[in-house]
Amino acid sequence: MTTTVTPRPEGPAVPGVRADKARALRGPRRIRRPALPYLFLLPALLLELLVHLVPMLMGIVMSFKELTQFHIAHWDTAPWAGLGNYRVSLDFDAPVGEALLKSFVTTCVFTLASVSLCWLIGTAAALFLQENFRGRGLLRTLFLVPYALPVYAAVITWAFMFQRDNGLVNHVLHDQLGIGDSPAFWLIGENSFWALLTVSVWKGWPFAFLIVMAGLQNIPRDLYEASALDGAGVWRQIRHVTLPSLRPVNQVLVLVLFLWTFNDFNTPFVLFGKAAPESADLISLHIYQSSFQTWNFGTGSAMSVLLLLFLLLVTGAYLLLTGRGRKGDHA
């Protein structure tokens, strides 16, 4: 005997109940999905706020105060100086302003020389390693060693090499090659500029090499083959094919190298200590000395703000000029 089970009749469907349940299920997802990327970015944004923005705002406030060692424990109680610290820094007839101007000029010359040499050596090395030959991978690895080494370890090594009596540089130049009547002083005097420039270029050109080498991978080989059929040699290919194709890469590379070099503090500080020679007195170390050697943190903060404004102005002008150049090329 077969028993038939009839389904239990359901009550009348209440309008909107299922729709409300669907909204309840979908509601949290709609709220969470758009907010999820921002939640992932929130820790980094908070860390950036604490590490960079908050000290920068505090430095701007300190630049308007007469902050010395007498108020360092409670810097918010320091007397208000207004624009006095900026007037002292920009008074180039006074000792403070004159020293700041000399440091600024030295930094500009140093940055121009370092960025130019880094770009030139890095580009030449990248072009040299474009062709396939035996040992190319080993050379690429060796070229990136200065960039991979920690800054402090590399600069300390160079400081030992620049020692007058037992340094490797004087041993090679004076003892082996016979250059100069006596071993040179590299960490004091006029030669300190060349020592600082050597270290800066040595640790900076591998970054240019890496960026240019990556940019060369995006240049189609058809362009070189077509130019070769037209009779173009190596130098004409570099001038008319390689460099124009690398223009967007070089624009970013030069800006990054400029900002890194102009703001470089670790290299002169480790190489020379707290007091750099006059010929190698970069503005980053000069601001440090003005703040922590003379205990005049208000003037040092004003110098830092002026440096920030200068870098923002140069960066904005550079981006404006390069942007117009790109629009002209597309037109």
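Colleague: How are α8 and α11 oriented to each other?

Modeller: In this predicted model, α8 and α11 are roughly antiparallel to each other, a label given to angles over 145 degrees, whereas those under 35 count as roughly parallel, 65 to 115 as roughly perpendicular and the rest as oblique. Helix α8 and helix α11 (residues 247-262) pack at an angle of about 160°, with their axes 10 Å apart; axes here are lines fitted to C-alpha atoms, for helices over the stretch in contact, and angles run from 0 to 180 degrees between N-to-C directions. The helices themselves are DSSP runs (H or I, at least four residues), as strands are (E, at least two), and they are numbered from the N terminus.

Colleague: Which residues of α8 and α11 make the contact?

Modeller: On the α8 side they are Ser-200, Gly-204, Phe-207, Ala-208, Ile-211, Val-212 and Gly-215, and α11 brings Val-249, Asn-250, Leu-253, Val-256, Leu-257, Trp-260 and Thr-261, where contact means heavy atoms within 4.5 Å. These residues of α8 and α11 divide into nine nonpolar, five polar and no charged, with Ala, Val, Leu, Ile, Met, Phe, Trp, Tyr, Cys and Pro counted as nonpolar, Asp, Glu, Lys and Arg as charged, and the others, Gly among them, as polar.

Colleague: And α3 with α8, at what angle do they pack?

Modeller: Helix α3 (residues 95-128) and helix α8 (residues 191-216) pack at about 40°, with their axes 6 Å apart, and are therefore oblique to each other. The residues of the contact of α3 with α8 comprise 20 nonpolar, six polar and no charged.

Colleague: Stepping back, what does the secondary structure of the chain come to?

Modeller: The chain has 14 helices and zero strands. Of its 331 residues, 33% count as buried, meaning under 20% relative accessible area, with exposed over 50% and partly exposed in between (1.4 Å probe, protein chains only). Among contacts in the chain with a separation of 6 or more, 64% are accounted for by residues 24 or more positions apart.

Colleague: How many residues of α13 are buried?

Modeller: Nine of the ten residues of α13 (residues 283-292) are buried, so this helix is largely enclosed by the rest of the structure. Among the buried ones are Ile-283, Leu-285, His-286 and Tyr-288.

Colleague: What about Glu-278, buried or exposed?

Modeller: Glu-278, in the loop between α12 (266-272) and α13, counts as exposed at 61% relative accessibility. Leaving aside residues up to four places away in sequence, Glu-278 touches Lys-102 and Thr-106. Glu-278 and Ala-99 are 179 residues apart in sequence and 9.4 Å apart in space, C-alpha to C-alpha.

Colleague: Which residues does Pro-183 touch?

Modeller: Pro-183 sits in the loop between α7 (168-176) and α8, and touches Arg-164, Asn-170 and His-174, not counting residues up to four places away in sequence. At 22% relative accessibility, Pro-183 counts as partly exposed.

Colleague: What conventions lie behind the numbering and the cut-offs?

Modeller: Residues are numbered from 1 along each chain as its sequence is written, and side-chain values use heavy atoms, with hydrogens and water left out. As this is a predicted model, local features need pLDDT of at least 70 and side-chain atom pairs count only at pLDDT 80 or more, while totals for chains, interfaces and linings use all residues.
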